[in-house]
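User: I have a structure open and would like to go through a few of its features. Can we take them one at a time?

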Amino acid sequence: MKLKSAAIASISVMLLFANPRPLAAQDAWSYQRCVDYALAHNLTLQQSVLQKRLAELTLKQNRLSQLPTLNAAMNGGYRFGRSIDPTQNTFVTQSLFNSGFSIDMSADIFGWFTKQNAIAASKYQLYAQNFLLDKARNDMGMNIANAFLQILLANEQVKIGKSQVALSQAQLENTKKLVAAGSVPESNQADMEAQLARDSSTLITAKNSAITTVLQMKALLNLEFTVPFETELPEAALSAPVLNLAETSPEMVFSAALANQPQYKSDEMMVKAADRSLASAKGALYPSLRFGAGAGTSYANTNNEPFGVPRPKVDTVGVVDINGTSYKVVKPGFERPGTRLIPFPDQISNNFGQNVGLTLSIPILNGWRQRGEVERARIEVENRKLTMDVNRLKLRQDVYTAHADAVGALQKYNAAITTERASQKAYDFATKRFEVGLMNSVEYITTQTNLFKAQIDRVSAQYDYIFKVKLLEFYRDQKISL
């Protein structure tokens, strides 16, 4: 009969879907393509890259801090009223313009390895950021795998829903003919119409779910929502995972995760960085020796000198008393009739001076600042150690939970397969009884609904089992493949 033919056609469609072929579309997205695209465009990963670059910059800055400092300065300005002429170190009462040029150099000679320990700390922090970037990439691969499987699950639910709608439509058409022939009451047709409406509503929900899962994937990829997105499904993707859960102990997976997981390696690097930061802070408690040198010159518009053609002059330098008569003591010489401002290049040359020296800095009382830094660094060491222990405990808990979930998912998947087979068998018997009038439409629709639910549950359990096993493999190997 037509009803039986429709059922056979529906089953054939589901069997074909159980062994899907890769999409032939050129723009199909495979799991690996999704991962590669996300690594290049995901916003969270880009933030992790920026954190790594900041760590690199900090390390570079700490390394360059070992070099001597060299600074040049220029100044200029007007002074009014009574002020000191910097070129002559004398008081003047007039407007004064002066400018100066200087260059200074200083270098650390010994500082109890404060800078060296700061460099070591920033180096370990960079290592930690590298591991955190690896972790972010691994987590992104895991999130992509979950989103990819969710899309495949939603697409399968849509296909099953379409098959169910097609089957209900065929049953309704057949029932109409039976009602017209007087073989079954009209209530059977009403029941079938109601069932078709329910199946259509379920299909609409499944389609909306499929759209939502694609949008979630596009958000992970940072892909424009208007870009078409079709998944490419390898034949091996839906095959049962080969991981033997009975022979895979959670403790073995945990040991492998400790050796491979970037988060734990990052925690180790951060503990070492905190130790070096503590050593650097302790170095600031002790005296430090620093070398310094500099040179400078100045100019002022009040710095004058005699100017003009020399002319003879006689200067009285003293008085001598001889036999009661006073005689002036004179000194012949020359004088210039005027003055002029000393030219700028001459002042720069004449006022040029240099300095060199050593500075020993001895911290005595600084508001407990240095000791506070040491205590803060010591607390940070303890905090990093506790963070490592907390993450280690969480990792163990996650591994054991993942193993238990995988075992439970396998059992649920096997139970779903058994339920689907039993529901299919019950549906086949019900179809035969319904066709000969030994079962009413309500009971028949119930049997059909049970089969539909069993198919959905089997598909959901299958994808849930695949993801749970992949998660366990991820903890063990820090990689995932579909």
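Analyst: What follows is a short walk through a predicted model.

User: Let's start with helix 4. Which residues is it made of?
Analyst: Helix 4 covers residues 114-181.

User: How far apart are its end C-alpha atoms, and what span should helix 4 have?
Analyst: The end C-alpha atoms of helix 4 are 99 Å apart. With 68 residues at 1.5 Å a residue, the helix should span 100 Å, so the two values agree.

User: What follows helix 4?
Analyst: G182 comes after helix 4, and its phi is positive, near 80 degrees.

User: Which residues have a positive phi although they are not glycine?
Analyst: Among them are W112, with a phi of about 55 degrees, and N222, with a phi of about 60 degrees. Most residues other than glycine have a negative phi.

User: Where are those two?
Analyst: W112 is in the loop between strand 5 (96-110) and helix 4. N222 is in the loop between helix 5 (186-221) and strand 6 (230-231).

User: What about accessibility for W112 and N222?
Analyst: W112 has 39% relative accessibility, so it counts as partly exposed. N222 is at 36% and therefore also counts as partly exposed.

User: Switching to rings. How many aromatic pairs are there?
Analyst: A search of the whole structure finds 13 aromatic pairs. One of them joins Y124 and Y127 edge-to-face, with 6.2 Å centre to centre and 75 degrees between the planes.

User: How are Y124 and Y127 placed in helix 4?
Analyst: Y124 and Y127 are 3 residues apart in helix 4, so about one helical turn separates them. Y124 is partly exposed, at 25% relative accessibility, and Y127 is partly exposed at 36%.

User: What lies over the face of W29?
Analyst: R33 does, at 3.8 Å from the ring centre.

User: Last topic, the second largest pocket. How much space is in it?
Analyst: About 310 Å³ of space lies in the second largest pocket.

User: Which residues lie nearest its centre?
Analyst: K135, D139, Q261, D398 and Y475 do, out of 16 residues that line the second largest pocket. By class, the lining has 6 nonpolar, 6 polar and 4 charged residues.

User: And which helix gives the most to that lining?
Analyst: Helix 4 does, with 5 residues. Helix 7 (262-283), helix 9 (369-435) and helix 10 (441-477) each supply at least two residues of the lining.

Note on methods: Residues are numbered from 1 along each chain as its sequence is written. This is a predicted model: local features need pLDDT of at least 70, side-chain atom pairs count only at pLDDT 80 or more; totals for chains, interfaces and linings use all residues. Side-chain values use heavy atoms; hydrogens and water are left out. On a 1 Å grid over the protein atoms alone, a cavity is a set of points where a 1.4 Å probe fits but cannot get out, and a pocket is an open set with protein on both sides within 12 Å along at least five of seven lines; lining residues have an atom within 4 Å of a point. Grid points are joined across faces, edges and corners, and a volume is the space filled by probe spheres set on the points. Helices (H or I, at least four residues) and strands (E, at least two) are DSSP runs, numbered from the N terminus. Ala, Val, Leu, Ile, Met, Phe, Trp, Tyr, Cys and Pro count as nonpolar, Asp, Glu, Lys and Arg as charged, and the others, Gly among them, as polar. Buried means under 20% relative accessible area, exposed over 50%, partly exposed in between (1.4 Å probe, protein chains only). The expected span of a helix is 1.5 Å times one less than its number of residues. Rings of Phe, Tyr and Trp (its six-membered ring) pair if their centres lie within 6.5 Å; planes under 30 degrees apart count as stacked, over 60 as edge-to-face and the rest as tilted. A charge sits over a ring if NZ of Lys or CZ of Arg is within 6 Å of the ring centre and within 35 degrees of the ring normal.
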